[in-house]
Amino acid sequence: MATTDATEEEWPLVRLMTEVVGSGHKSADDMTRAQASQAFRRILDGDPDQTTLGAFWLANRWKRNTPEELGAFVDEMAADTQTAAPECDPVDCGANYDGKGRTAILGVAAGLVAAAAGTPVVVHSGDRVPTQKQDAYKHVLDELGVETDLTPADSAAMTDEVGFGFYYQPNFAPAIDALSDRRAAMGVRTFVNTIETLANPAEASTHLGSFYHLPYAVRIIETFQEARSSDVERVLMFQGMEGYDDIRPGSTTVAEWSGGDVDDFTIETPDYGMDFEEETLGVEDVAGESAAITETVLSGEREDAFADAVALNAALRIYAGEDADSIEDGLDQAREAIDSGAAADRLDALRAF
């Protein structure tokens, strides 16, 4: 760690590069909270030279950020975020903003099924976010004919009226959206890709997100603990397809935190009707086919792998919202919401909003 008092000194990115983070992935030091806060505030304010900014992002990618650093970044992001809390307390789904390119996006359908079962859900994304610039929540909703260019207040009203709400990054976090060109020029993911998924525009108390391995999930949970702006009280992180918030077939590890120790458990998806490979959920036109799948699953027209996957993902959202004691209980609620027509009604309400 840097030995100087970072709270009383100026730490432009050039100095942080030369004295703290820029000496290489094995020898670099971690930033203090004050240093990390200063750094991201300068970035959000458009202060750094573009070359320096790219070098700083790359240096942090090499050394890997600590929960304290990430928590400081989240706090600076929150300072520029316009939130609007619905009257309900939804499950906040934080999928990777740069999207998916091979498999269907199931979260719209799963969120509407959960809403029909009584668990409100919110999702948020941008539009063609670097580095992948692939399909995300917005694009599926656009294909369904749902209004997505919403103010945060409208998003909150949607959540209360429908039980499912969408928050659009350019409207609730314009300072993050403004970094898009610089992020695209980097060509690799930066810590911004991580922290934007932790944005909480609906001020939800529960976060559901995706991770690649268990230590990373613990790091994200610790980030919420370090973020002074965060009111999140419950976090579930799981191994999603393509890093998204869709359960992948097979053995899926879930990390769960509700204020105490981090627990983990495994969802063996064949036990819940997903006895198939990830490729079974593959699509060519991610946004268009995901929208069509959403319609046919919610209407009860499908009884295939996609229907099973949507029901299981809805079950996890119901469990995350503590409206089910187990994934199995949540799955029963999800299937009932589809069979009764309640899930299709939620899609109609979403389109009519």
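## How residues are classed

In what follows, Ala, Val, Leu, Ile, Met, Phe, Trp, Tyr, Cys and Pro count as nonpolar, Asp, Glu, Lys and Arg count as charged, and the others, Gly among them, count as polar. The model described here is a predicted one.

## The largest pocket

By these classes, the lining of the largest pocket is made up of 13 polar, 9 nonpolar and 6 charged residues. The space in this largest pocket comes to about 640 Å³, and of the 28 residues that line it, R61, T190, T194, Y216 and R219 are the closest to its centre. Two or more lining residues come from each of the elements α3 (50–63), α11 (191–195), β4 (206–210) and α12 (214–226).

## The second largest pocket

The second largest pocket holds about 260 Å³ of space, and its lining consists of 15 residues, of which A78, T83, N200, S229 and S230 are the closest to the centre. Helix α4 (residues 67–79) gives the most to this lining, with 3 residues, while the lining by class has 8 nonpolar, 5 polar and 2 charged residues.

## A region listed in UniProt

In an unreviewed entry, UniProt lists residues 29–78 as "domain: Glycosyl transferase family 3 N-terminal".

## Aromatic pairs

The structure holds 7 aromatic pairs. In one of them, the rings of F40 and F191 have centres 5.6 Å apart and planes at 70°, so the pair is edge-to-face. Because F40 lies in helix α2 (residues 33–44) and F191 in helix α11, this pair ties together parts that are 151 residues apart in sequence. F40 counts as buried at 0% relative accessibility, and F191 also counts as buried, at 5%. F40 and F191 form one aromatic cluster together with F56 and F73.

F265 and Y319 form an edge-to-face pair as well, at 6.0 Å centre to centre and with 80° between the planes. Since F265 belongs to strand β7 (residues 263–268) and Y319 to helix α14 (residues 305–320), the pair ties together parts that are 54 residues apart in sequence. With a relative accessible area of 24%, F265 is partly exposed, whereas Y319, at 14% relative accessibility, counts as buried.

## Charges over rings

The ring of Y319 also has the charged end of R234 sitting over it, 5.5 Å from the ring centre. Elsewhere, the charged end of R15 sits over the ring of W11, 3.8 Å from its centre.

Key
Residues numbered from 1 in each chain as written. Predicted model: local features only at pLDDT ≥ 70, side-chain atom pairs only at ≥ 80, totals over all residues. Heavy atoms only, no water. 1 Å grid on protein atoms, 1.4 Å probe; cavity = no way out; pocket = protein on both sides within 12 Å on 5 of 7 lines; lining within 4 Å. Points joined across faces, edges and corners; volume = space filled by probe spheres on them. Helix = DSSP H or I, 4+ residues; strand = E, 2+ residues; numbered from the N terminus. UniProt positions renumbered as here; feature names shortened; annotations may be inferred. Phe/Tyr/Trp six-rings, centres within 6.5 Å; stacked < 30°, edge-to-face > 60°. Buried < 20%, exposed > 50% of the residue type's maximum accessible area, 1.4 Å probe, protein only. Lys NZ or Arg CZ within 6 Å of the ring centre and 35° of its normal.
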